[in-house]
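Have the coordinates open as you read.

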Amino acid sequence: TGGTMFLMWLGEQITARGIGNGISLIIMAGIVAELPSAIVGTLELGRHGALSTGLTRGILVMAVAVIGIIVFVERAQRRLLIQYPKRQVGNKMFEGQSSHLPLKLNTSGVIPPIFASSLLLLPGTVANFNAGAGPEWFQWLTTQLSHGRPAYLILYLGMIVFFTFFYTAVVFNPTETADNLKKHGGFIPGIRPGERTAEYIDYVLSRITVVGAIYLALVCLVPEILISYASVPFYFGGTSLLIVVSVTMDTVAQVQGYLLAHQYEGLIRKSKGRGRRR
C-alpha cells in the first residue's frame, strides 16, 4: 500500500512538473522494461523448437498489425459539421463559419480493459489470501474465473463493453455540448438546436461507441485466446500494447504542443524587443 501511494504521488509530480500523464507513463515504463527479455525469451523458444517458426513469425506479424490498428482507431474521429450563422458586430457583417465537432471512435481509451481485468483478479486474490482454503463453491468460482476459461473470457468481454459505454457516458455529455452550441449560435445542419441536437449527438456517439467496444474486445481477447489454446507464453498485443501505443501518442502530442507554444513565446518576445527598439 505504501509503495502504491508513493507511485501515485510520483505520478502526480510528473503530471504537474513534466510532460504527459505521470501515472500512465509509469505504467508504460513498467511494460516497456519487460519487452526486451520477453522478446528474447520468445525467440529462444522458437530456436529450441518449443514454438514453431511459423507461430513465432505469426506473433511478430500480429504485433505489427495490432500496433497499426491501435494507431488507426485511436486517431479515428467522427466529425459532425457545425454551422455558425452570420452575425453583425457594429457596422461590420461577419460571414457564417463552419466547424466540426470531433467524436473519437474510442472515447474511453484504455480504462475499460484495466477495470475489467482488475475486477476479474479479485477472486484469485482473495483465494490467495485464504491460502486455497474456503467453501467449495468459492474454489469452483475461482477456477472458472482463471485465465483462459470460457467464463473468464465471456465476463471479460462483457465488462469491456459495459465499461466502454459507462466511461463514455461519464466523460462526454451530449446535453451539455448541445447547450454550449446553442449559446454560441452553432447548429448542426438539418437538426433543431437544443434537445434535438443532444439526441442526435447521443445517437451518433452510441453507434461509434459500439465500434470502439468491438475494437477493444478484439485487441484484448486475442492474446488471451493465444495463451490458452495456442500455448504461447508471451504475446505482443492486448492491454499492454494498447497502453504503450496510446500513452506514446498522447505524450508525443503534448510534446509537440509544448514545442509549438515555446516557439510562439519566442516569437512574441522577439516582436516585443523590436517594438521597444523602434
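The largest nonpolar core has 40 residues, and those with the most contacts inside it are Ile-70, Leu-80, Leu-103, Tyr-156 and Tyr-215. A nonpolar core here is a set of buried Ala, Val, Leu, Ile, Met, Phe, Trp, Tyr and Cys residues joined through side-chain atoms within 4.5 Å. Buried means under 20% relative accessible area, exposed over 50%, and partly exposed in between, using a 1.4 Å probe and protein chains only.

Helices (H or I, at least four residues) and strands (E, at least two) are DSSP runs, numbered from the N terminus.

Keep in mind that this is a predicted model: local features need pLDDT of at least 70, side-chain atom pairs count only at pLDDT 80 or more, and totals for chains, interfaces and linings use all residues. Residues are numbered from 1 along each chain as its sequence is written, and side-chain values use heavy atoms, with hydrogens and water left out.

Back to Leu-103: leaving aside residues up to four places away in sequence, Leu-103 touches Ala-76, Gln-77, Arg-78, Leu-80, Phe-172, Val-204 and Ile-208, where contact means heavy atoms within 4.5 Å.

Now for α2. A side-chain oxygen of Asn-21 reaches to within 3.4 Å of the backbone nitrogen of Ile-23 at the helix start. Further along, α2 bends by about 35° at Leu-35, with a proline, Pro-36, following within four residues; the bend is the angle between axes fitted to the seven residues ending there and the seven starting there. The buried residues of α2 are Gly-22, Leu-25, Met-28, Ile-31, Ala-38, Thr-42 and Gly-46. Just after the helix, Gly-49 takes a positive phi of about 90°.

What about the aromatics? The structure holds five aromatic pairs, with rings of Phe, Tyr and Trp (its six-membered ring) pairing if their centres lie within 6.5 Å; planes under 30 degrees apart count as stacked, over 60 as edge-to-face and the rest as tilted. Phe-162 and Phe-163 have ring centres 5.2 Å apart and planes at 65°, so they are edge-to-face. Ring pairs link Phe-115, Phe-162, Phe-163 and Phe-166 into a cluster.

Key:
A polar contact is a pair of N or O atoms within 3.5 Å; within protein, one must be able to donate a hydrogen and the other to accept it, and residues adjacent in sequence count only if both atoms are side-chain atoms.
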